Amino acid sequence: MAAVGGAGLFAAPGAAAATDSPGNGGDPFRITVLGTTDLHGNVLNWDYFKNTEYTDSKANDIGVAKASTIIKTVKAEVGAERTITIDAGDTIQGTPLATYFAKQEPITSVPHIHPMATAMNLIGYDAVTMGNHEFNYGIPFLDTWAKQLHFPALAANAVDVHTGKPYFQPYVIKTMQTKRDGYPLRVGILGLTNPGVAIWDRDNVAGKLRFDDMVATAARWVPVMRANGADVVIVSAHGGDSGTSSYGPELPVENAAALIAQKVPGVDAILFGHAHNDVPQR
């Protein structure tokens, strides 16, 4: 089990080895998992309030444009066909740029491609998880954004109250070739969003979506993914490592990554975010 989380860009080299991939003959196959989280509308490394390039007291940079350089470098080093790139949510809210395309010229009414969709498509993400801030602008806005992506937007525990089924795609399985003429390695990515959406964005989701417990949802879907051929399972969860929930006991636990690792068999790695804390890799 590997787990990485916080806010920023993470690389987990060798996060999975396909020693039990069907027909693999026991030959190990190394993949590199690249993860971003809590991008909060930072397409560019720019401070819109100071009208200057962003940098904090520790000289940290932000933005997908900066992360793309690292992602492209890693892909060139290890091979793009051996990488998985995932985002763990809170992607399209948080900057004046993001607000402009949500309120001033919203993508639901003006034929714009959202800048974050453009940037992530160019980088070549494999999946994004819906964070709680994705719901700030309403479900129609989120539907439009998801359709602009060249990869799936995941949230297995965001359930349509009318159908009882996940409103968004719950998981995706990416097939990777272990050898040029060899057998495939199937990497499953399960997306889990934050139950707090039911409180924080009540006006946007009440009577439409419910948000189930992240641990119980993982326990339900991981066996399904394995049964559907996933050799490796990665959970991308928009919830912190552990600790009390900011909304109290009214809803399932907010920071569930550690509980998923402890209680759900069949998970090989977890990417998590939400809490904006740096957590050492486990």
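Here is a walk through some of the salt bridges, stop by stop.

Before you start, note that this is a predicted model, where local features need pLDDT of at least 70, side-chain atom pairs count only at pLDDT 80 or more, and totals for chains, interfaces and linings use all residues. Residues are numbered from 1 along each chain as its sequence is written, and side-chain values use heavy atoms, with hydrogens and water left out.

A salt bridge here is a side-chain nitrogen of Lys or Arg within 4 Å of a carboxyl oxygen of Asp or Glu. By that rule there are 5 salt bridges.

**First stop.** Select Lys-66 and Glu-53, whose side chains form a salt bridge at 3.9 Å, N to O. They bring together distant parts of the chain, 13 residues apart: Lys-66 sits in helix α1 (residues 64-78) and Glu-53 in strand β5 (residues 52-53). Helices (H or I, at least four residues) and strands (E, at least two) are DSSP runs, numbered from the N terminus.

**Next stop.** Pick Arg-226 and Asp-268, joined by a salt bridge of 2.9 Å, N to O. This pair spans 42 residues, from helix α7 (residues 214-227) to the loop between α8 (257-263) and β14 (269-272).

**Last stop.** Select Asp-212 and Arg-210, a salt bridge with its closest N and O atoms 2.8 Å apart.
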